[in-house]
Amino acid sequence: MTTATTGVEGHRMTSHDLDTGGEVWDPLGTLHQALWICGGQWAGKSTVARILAARYGITAYHYDYHDARAHNDRRLARRIGLGEPAADPDLDEVWVNTTPEAMAARTLADFPVRFEWTLDDLRALVSGRPIIAEGWGLRPELVAPIIDSPRRMIVMVPTPEFREHQVRVLPRAAALDHSVSDPARAQANRLARDRLIAEEAVRTARGLGIRVLEVDGSRDAMAIADDVAEHFSPYLVR
């Protein structure tokens, strides 16, 4: 049975809010009111989130920005706490001397830890409107226990053709931003890894009844944002 008490600022808390037994602590109700965009790299998640933030006056949380910057100290502290070397792994071992399958497995295994850091970020945000959180690490299986309806999440993935287009036109997608011994192989590994991770997001989302939106490049970002807004419409007010 779920028990309920009155939490901070009158938020009604249940046992789901407690940080025990795999349940999520949500003292201000921010997490349970959030909207979530997950999916594959280069699908336009960040762009759509920014459009909706401007259109509806809501706050957009960009996972990639925090994961690449603000979470670095947490990542270092975790390695030290686990007795692992403090230095970053050798870049060739990460990107060149490996396989896309191993890279995908390692990334998927890391996502739950990185998701906890994201939840800490989101707990610190309070808004009269839902916060929209976007990023490839906001995995369906991690978000599903938090949301009260599949309408609070959508998974955006590029079609293979659109992914190839993005690689051609986006500088950050066209080349790996690291110095390695074999840049071409590292880039090929990276793209194959991203495809595998996107495919896993699609499989998981469909198994959980969460909508998957394939982006093929035939419509502009505003039109895609319209689709996402319609999906989130029960929670968006101009």
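Me: Quick one to start: is Trp 136 buried or exposed?

Reply: Trp 136 counts as buried, because its relative accessibility is 6%. Buried here means under 20% relative accessible area, exposed means over 50%, and partly exposed is in between, with a 1.4 Å probe and protein chains only.

Me: What should I know about the model itself?

Reply: This is a predicted model, where local features need pLDDT of at least 70 and side-chain atom pairs count only at pLDDT 80 or more, while totals for chains, interfaces and linings use all residues. Residues are numbered from 1 along each chain as its sequence is written, and side-chain values use heavy atoms, leaving out hydrogens and water.

Me: OK, how many aromatic pairs are there?

Reply: The count is 2 aromatic pairs. Rings of Phe, Tyr and Trp (its six-membered ring) pair if their centres lie within 6.5 Å; planes under 30 degrees apart are stacked, over 60 edge-to-face, and the rest tilted. Trp 36 and Phe 115 form a tilted pair, because their planes are at 45°, with the centres 6.0 Å apart.

Me: Where do Trp 36 and Phe 115 lie?

Reply: Trp 36 is in strand β3 and Phe 115 in helix α6 (residues 100-123), so the pair ties together parts 79 residues apart in sequence. Helices (H or I, at least four residues) and strands (E, at least two) are DSSP runs, numbered from the N terminus. Trp 36 is buried at 0% relative accessible area, and Phe 115 is buried at 3%.

Me: And what does Trp 136 pair with?

Reply: Phe 111, in an edge-to-face pair, 5.3 Å centre to centre with 85° between the planes. Phe 111 lies in helix α6 and Trp 136 in the loop between β5 and α7 (140-143), so this pair links parts 25 residues apart in sequence. Phe 111 is buried too, at 1%.

Me: Switching to the sheet: what's the strand order?

Reply: β4-β5-β3-β6-β7, an open sheet of 5 strands with parallel pairing. Two strands pair if DSSP finds at least two bridges between them. β4 (60-62) and β7 (211-215) are at the edges with a single partner strand each, so one side of each has no neighbour in the sheet.

Me: How many bridges join β3 to β5?

Reply: 3 bridges, between residues 35-39 of β3 and 132-134 of β5. Leu 35 stands opposite Ile 132 in β5.
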